[in-house]
Amino acid sequence: MLKHLRFFILFLMVMTIGGVSLAQEVTLDFTQNTWGLPTDYTKTAATYTDGTYKISFGESSNGHKFGGSYLIFGKSGATLSLPAFNFAVEKIVVTGNKNASGKVEQNIFVGDKAASTNTTGAQGTNTYEIAEAYQAAGNIYTLKVLSSHNTQVTKIEIYKKGGVTKTSTTVSFGTDYDGKTISLKPRESFKAPTATLTPAEAGTLAYSSSDEKVATVDATGAVTFTGTTGKTTITAAFAGNDTYAASSASYTLNVAEALSLTGDGTKANPYTVADVLAIVNAGQQTTDSVYVKGIVGKIKTTADNIVKYKNCDYYLVDNEGDTDSIMAFRGKYLGNTDFTSADQLKVGDKVLVLGVLTKYKDIIELDKDNYIVEFLNQGTVKTATTVTFRDGNDKIYYEKVGGTFNYPTATLDPEGAGELTYTSSNPDVATVNAQTGEVTLSDKNSGSTIITAAFAGSDKYEASKASYTIVVSDPSVQTKNATFDFTLPGNYNKGTSNNDGSTEGDMAEGESIRQDDVTLTVTTNGSPSTRFWKSKDKIDFRIYNGAKLTLSVPDGYIISSVVTAPTDPQQTIGDVNQQNVELTYTGTVKLNNMTVVYAKVPETGVTVDMDEYGYVTLYYSNRALKVPECAKALTYKVSDKGLEVSREYAAGEVIPADEAVVISAAEGKYTFKFADGALLTKDPDNKLLGTDETKLIEGDATANYFYKLSLDDNYENIGFYWGDADGGLFANQAHKAYLVVPKSQANGAKSFSFGGNGETTGIDAIGFEKANANAPVYNLAGQRVANSYKGIVIRNGKKFVK
């Protein structure tokens, strides 16, 4: 019992020690601007404090700033140095912003040495376990960006080695002040809020002002203005102690001379462009979103990039022709939705935009995440429109060259908003009437085309469009369709990757998935890997910049068309009408499905393998064949000599369709090209017939003998021999000829031989070969036996009993 108790106590001690080894000691919070960080990018080195700790930025290419609820800095080589701590540090946890880059690489350094392991992505939490050699108290830890991206940080947590877990605390000035900017005029009265610490028994608060030239703050939080304009951040900080963790809160005071403005930044009374220029130039912008109205004076983003990146950079002016402007940076469309077409925004449109004012270099702008709230045209809001095709949008139709297409028409909702215009992406395959939508398929070209119905928009109505795809194939060519449904990765024995760390949907270079006869292979991966991706309940197939995929079909087939949904300008489909087609990517593409149309390679002729004996038969019921060089084709008729050549087709001549022939040539491969034999007639005396498939031949076995081309029993002489033991019907091979001779003319012959030793020259006739009474005798096992053998034997192909 005592032994068990000792082990239990030891277990509790280990658990207790283990529980305090990673105790959080310090939290640096960047969700509020308690540090007095700039709201415009600053590229030079700078140091900031929240009243308790100091942080330092090195000089960087993109700079650093406060982004409203997070710290942002970059790009490659940018650094954030933390304060020196008087305790050993075992772990540092950096929490990013959910909209941050998923590609940014970063790590913790001590001097120029990495103290932990590189991480990728700043949307979530990155944990840096500090190597033991760099855990000492007094080290300066630096968060360094290692890739050409910005990083975003909401908080940094420092874990003390061997520390004791502390109770968390919070400091607050109240929701009307925490993290907010209050604009004041010089000498304007201001009642400063008092901060509260929770729990109150944790300790006392210390107040500080980031710029005492603007205002000072006393131990109670009371603020005294100096009369100087400018900004200062008032911070209430709890330093923490052995029991409670440190915390702080702040608000910013912006003391400035009153500006003469037209609006107040509300939806009911938005700022004008002139208002925004005055506010930002006076440094009086805040991190709050404001409403701005203006006229679109210039669209900076190209049409392709609007669709590609789903946002738009454009300039606003107060009046058409004004040179004073502000930029809407990476602006979103109406209601904070993605742009889907460049037609959705035009120069001259009057818009109401919601966003945060900022200044980047010399450009005054609405920061990213701004969006259009309304289109203002003569005091009205643009009404949304939708275009819908009869059978639904994004459908795929499969048609034949020269065929008649039952084309779907589109409707515009609301009715009467305007007219639709139809276009075809590939007029060589199909044209469309711009007004009616009537489609005419090419009478000679195969391929695919996208038919689009578009409404250009008006002062009252928004632009919109819809489309469908037509895949046109040659009717003489057998085609097949295979559709990869990327929303069902289980069909391809794949799982899904996601933000929780799963990589089950990732595809390695060289890895393939298959749909019917079509194989899709990852030739080259982008960054990150090509993968099936799950976001919430939606699954798609994602391919990234630099990736290359290859579509392949079996031998004898070619790919005639590739259609993906949705279409994306960052995806390039290589030349089709080949067995392998390459797809390349210049950005992130998200696919729901991919349809591949493939067809049998059209045959141009028939290849015949000629062996050493120099004779084969050939038959096609529906193809005329041109005799190649160094070969000839023969038909045979019955004469008193036996069989003799009835007609000879020399090299370059055409064998009519349905003409069965014997081919005579030296050993080798010979290609008989398909030819036009419409005006040719068959040899009426030809005793050769044939079949297009392997089948039992048809005929009157009571009146005729049926022969096939083969070697004799000694594999020496080639000729026509009974295909059946009694000269009856037998199974003929596909595209081979057989010989039919009336019994009245055959004189009982079992075979017609071309001659001994496989001789192939100078043959004008095939002589009769009658049953030989002295022919060898064989037993049922195929062994040659003496004439004295007793039992069932075979002679001349017939069984009898001796």
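## Basis of the description

A polar contact is a pair of N or O atoms within 3.5 Å; within protein, one atom must be able to donate a hydrogen and the other to accept it, and residues adjacent in sequence count only if both atoms are side-chain atoms. The model is predicted: local features need pLDDT of at least 70 and side-chain atom pairs count only at pLDDT 80 or more, while totals for chains, interfaces and linings use all residues. Residues are numbered from 1 along each chain as its sequence is written, and side-chain values use heavy atoms, with hydrogens and water left out.

N732 belongs to strand β61, residues 731-732; helices (H or I, at least four residues) and strands (E, at least two) are DSSP runs, numbered from the N terminus. With a relative accessible area of 3%, N732 is buried, where buried means under 20% relative accessible area, exposed over 50% and partly exposed in between (1.4 Å probe, protein chains only).

A polar atom of the N732 side chain lies 2.9 Å from the backbone oxygen of K736. Once neighbours within four places in sequence are left aside, N732 is in contact with G690, T691, E693, T694, K695, I697, A737 and Y738; contact means heavy atoms within 4.5 Å.

## Helix α2 and its cover

Helix α2 spans residues 273-281, and its buried residues are V273, D275, V276, L277, I279 and V280. An α-helix has 3.6 residues a turn, so residues three or four places apart point the same way. The cover over the buried residues of α2 includes the strands β23 (289-299), β24, β25, β26 (350-360) and β27 (363-366). Just after the helix, G283 adopts a positive phi of about 70 degrees.

R330 is placed in strand β25. Although R330 is not a glycine, its phi is positive, at about 50 degrees. R330 has a relative accessibility of 41% and therefore counts as partly exposed.

T323 is found in the loop between β24 (312-317) and β25 (326-331). Its relative accessibility is 74%, so T323 counts as exposed. The C-alpha atoms of T323 and V662 are separated by 89 Å, the two residues being 339 residues apart along the chain.

Strand β39 (residues 512-515) has a covered face formed by I513 and Q515, and an uncovered face formed by S512 and R514. It pairs with strand β40 (residues 518-524) in the antiparallel sense over four bridges; two strands pair if DSSP finds at least two bridges between them. R514 has T519 as its bridge partner in β40. The hairpin has two residues between the strands, and D516 takes a positive phi near 55 degrees there.

## Backbone geometry in loops

Cis peptide bonds are found at two sites described here. One joins G74 and K75, with omega about 0 degrees, and K75 is located in the loop between β5 (71-74) and β6 (79-81). Another joins T198 and P199, with omega about -5 degrees; P199 lies in the loop between β17 (196-198) and β18 (206-209).

N747 is a residue other than glycine with a positive phi, near 55 degrees. This residue lies in the loop between α4 (743-746) and β63 (751-753). N747 counts as partly exposed because its relative accessibility is 45%.
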